[in-house]
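Trainee: I have a model open and want to learn how to read it. Where do we begin?

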Amino acid sequence: MVHIAILGLGVVGSGTADLITQNKDLIKERFGEEVNIKYILDIKDKPESPYSDKIIHDYNVILEDPEVTVVAEVMGGSHPAFEFSMQALSKGKNVVTSNKEVVSNFGDQLLKAASDNNVSYLFEASVGGGIPVLRPLSTDLSANNIKEIVGILNGTTNYILTKMKKEGESFENALAEAQKNGYAEANPSADIDGIDTCRKISILTAIAYGKLINPQSIHTEGIAGIRREDVEAIERTGACIKLLGKSVMTENKEVYVMTAPFVIGNENPLASVDDVFNAVTVKGDFVGDVTFYGRGAGAYPTASAVCGDIMNIISGATANLNIKPWQASDEMFMSDFSYFACKRYLSFADTDKNAAQVIFGDVEMIQEGSEISFITGSITENELSDKVMRLCSSGARLCAHIRVL
């Protein structure tokens with residue numbers, strides 16, 4: 001029998017306990033071991049929970065129990081999740097987690113501690129909920145040079161943008177509906193400001209390149225500035241707007257990592273990913289494009305990934321997962337974002353097509369009127385700033401800027 005402890009009995013913790021309990025016979029049949037939830041650490045007693053008899057409040061009980069070999073950290077937040085995870089690893093216990101914040105901030109230290117103590121630190125559930133993407137990226141695609149990772153990594157923002165596109169909602173109304181349906185928190189800033197997506201692209205980049213980038217070093221934009229009129233204008237061109245995490249290594253070995261809204265053509269597989277679903281496309285030099293799709297959040301999808309990591313530990317498959325300790329990224333790893341180049345969707349008021357073409361050259365005009373909207377050729381962030389400043393110096397006013405994938 002394998003004894004485990006769960007840290008936190010919130011949404012993911014409850015889902016993890018449910019899966020292990022309801023599928024206990026299936027797990028034993030497939031892995032030859034019964035999994036027993038010996039402890040659940042929570043600050044509250046929760047007498048209404050079917051697992052109330054397992055709840056404890058003293059973490060030291062778990063640390064000092066030699067029978068507990070796996071700790072599932074599903075608390076959320078950096079602290080005390082980081083400290084609890086380090087203590088468990090130091091005690092020779094395996095740790096699995098769904099906590100993207102702690103992995104993106106401290107994954108390099110936690111992987112090293114796991115290696116030093118000959119145990120595993122696994123975190124499939126930290127990116128994409130129930131979508132298996134980290135494991136294939138670290139194993140099945142490991143012989144490829146990863147040229148690009150781009151993904152819809154946050155269900156809340158994808159739901160909001162879907163409502164804006166399909167039902168013509170304003171950002172404010174779509175956000176209110178997301179909150180009403182439980183997809184967005186009362187304080188939705190981690191989602192709509194791109195913070196959640198930023199943490200996830202940091203983890204994906206670390207898996208691909210072996211270097212953990214501090215999320216605070218990643219260029220990050222959210223969707224609060226997306227206007228209904230821009231959604232409608234872009235839709236007329238056969239495209240849509242998605243909040244993407246994007247990590248790319250150019251032919252010159254320049255690495256750019258970002259989180260931002262992008263215009264993507266409807267022929268792109270990511271364009272059809274709507275509502276709370278997530279998807280990640282990985283481009284390898286030999287395999288080409290591989291897309292992973294599914295439910296990116298929620299109690300049971302995320303619990304599925306947490307338990308998948310537990311099963312890998314039970315079966316002894318962790319040696320094949322190829323997740324080596326990461327290096328902390330130095331400033332030289334990422335290229336200067338001001339040199340990142342792509343096409344741009346721009347909208348200006350108080351100017352006209354001719355003035356725009358003088359500054360931006362031959363552009364793809366989308367609409368003219370009280371505002372003009374157009375797609376530029378590929379220009380860098382520096383060039384964009386210079387051209388916008390020049391056009392605005394003649395009285396124009398920038399209303400929207402969205403990068404084009």
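This is a predicted model: local features need pLDDT of at least 70, side-chain atom pairs count only at pLDDT 80 or more; totals for chains, interfaces and linings use all residues.

Trainee: How many of the 13 residues of H7 are buried?

Mentor: Buried means under 20% relative accessible area. In H7, 10 of the 13 residues are buried, so by that cut-off the helix is mostly covered. Among them are Tyr159, Ile160, Leu161 and Met164.

Trainee: What do the buried residues of H7 pack against?

Mentor: Both helices and strands. The partners include helix H8 (171-180), helix H11 (228-235), strand E7 (146-152) and strand E10 (239-249).

Trainee: At what angle do helix H5 and helix H10 pack?

Mentor: H5 (residues 100-116) and H10 (residues 195-209) pack at about 50°, and their axes are 9 Å apart. That angle makes H5 oblique to H10. The crossing is left-handed.

Trainee: Which residues of H5 and H10 meet?

Mentor: Lys100, Glu101, Val103 and Ser104 in H5 meet Asp196, Arg199, Lys200, Ser202 and Ile203 in H10. By class, the contact has 5 charged, 2 polar and 2 nonpolar residues.

Trainee: Now a loop. Where is Gly377 found?

Mentor: Gly377 lies in the loop between strand E17 (371-375) and strand E18 (379-380). Its relative accessibility is 30%, so Gly377 counts as partly exposed.

Trainee: What does Gly377 touch beyond four places away in sequence?

Mentor: Gly377 touches Cys342, Lys343 and Arg344. Gly377 and Cys342 are 35 residues apart in sequence, yet 7.4 Å apart in space, C-alpha to C-alpha.

Key:
Residues are numbered from 1 along each chain as its sequence is written. Side-chain values use heavy atoms; hydrogens and water are left out. Helices (H or I, at least four residues) and strands (E, at least two) are DSSP runs, numbered from the N terminus. Buried means under 20% relative accessible area, exposed over 50%, partly exposed in between (1.4 Å probe, protein chains only). Contact means heavy atoms within 4.5 Å. Axes are lines fitted to C-alpha atoms, for helices over the stretch in contact, and angles run from 0 to 180 degrees between N-to-C directions. Angles under 35 degrees count as roughly parallel, over 145 as roughly antiparallel, 65 to 115 as roughly perpendicular and the rest as oblique. A crossing is left-handed if the near helix is turned anticlockwise from the far one by less than a right angle, and right-handed if clockwise. Ala, Val, Leu, Ile, Met, Phe, Trp, Tyr, Cys and Pro count as nonpolar, Asp, Glu, Lys and Arg as charged, and the others, Gly among them, as polar.
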